[in-house]
Amino acid sequence: MTIINLTPHEVQVVLTNPLVKVIYAKSNLPVRIETITEEIGTIKGFIPLFYTELGQVVNLPMECEDTLYIVSRMVKNACPNRKDFIIPSGLVRDENGVIIGCKGFE
């Protein structure tokens with residue numbers, strides 16, 4: 001089974017027993033959802049208030065047997081029929097609370 005990261009971020013899977021780290025390099029051409037954002041007003045008269053409309057999913061790969069693609073939750077939700085899309089699950093944080101990886105995928 002091949003796993004390909006289609007996000008703009010490195011994904012690190014941290015396993016504890018045995019201690020193993022598997023790193024999937026970020027994509028140079030990530031799958032994403034196009035957005036159109038416009039300012040629709042302000043809060044308290046000076047804090048901008050925006051509305052974002054979601055568009056099409058772009059850079060979508062064709063399904064390939066024996067291949068799973070790491071994508072964002074937003075992309076996975078936008079493509080409910082894609083059984084080959086996985087998202088990081090079980091976030092792992094360092095001593096300062098910064099996310100350093102995940103425990104697996106869903």
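A: In this predicted model, 24 residues line the largest pocket, and those nearest its centre are Thr-7, His-9, Val-11, Ser-72 and Pro-88. (A pocket is an open set of points on a 1 Å grid where a 1.4 Å probe fits, with protein on both sides within 12 Å along at least five of seven lines; lining residues have an atom within 4 Å of a point.) Its space is about 480 Å³, the volume filled by probe spheres set on the points. Two or more lining residues come from each of strands E2 (11–16), E4 (32–43), E8 (88–93) and E9 (99–105) and from helix H1 (73–78); these are DSSP runs, at least four residues (H or I) for a helix and two (E) for a strand. E9 gives the most, with four residues. By type, the lining has 15 nonpolar, six polar and three charged residues.

Helix H1 also holds Arg-73, while Glu-106 lies in the segment after E9, so their pairing ties together parts 33 residues apart in sequence. Arg-73 is partly exposed, with a relative accessible area of 45%, and Glu-106 is partly exposed at 44% (between 20% and 50%, 1.4 Å probe, protein chains only). The structure holds three salt bridges.

Residues are numbered from 1 along each chain, and side-chain values use heavy atoms, without hydrogens or water. Local features need pLDDT of at least 70 and side-chain atom pairs 80 or more, while totals for chains, interfaces and linings use all residues.

Methods. Ala, Val, Leu, Ile, Met, Phe, Trp, Tyr, Cys and Pro count as nonpolar, Asp, Glu, Lys and Arg as charged, and the others, Gly among them, as polar. A salt bridge is a side-chain nitrogen of Lys or Arg within 4 Å of a carboxyl oxygen of Asp or Glu.
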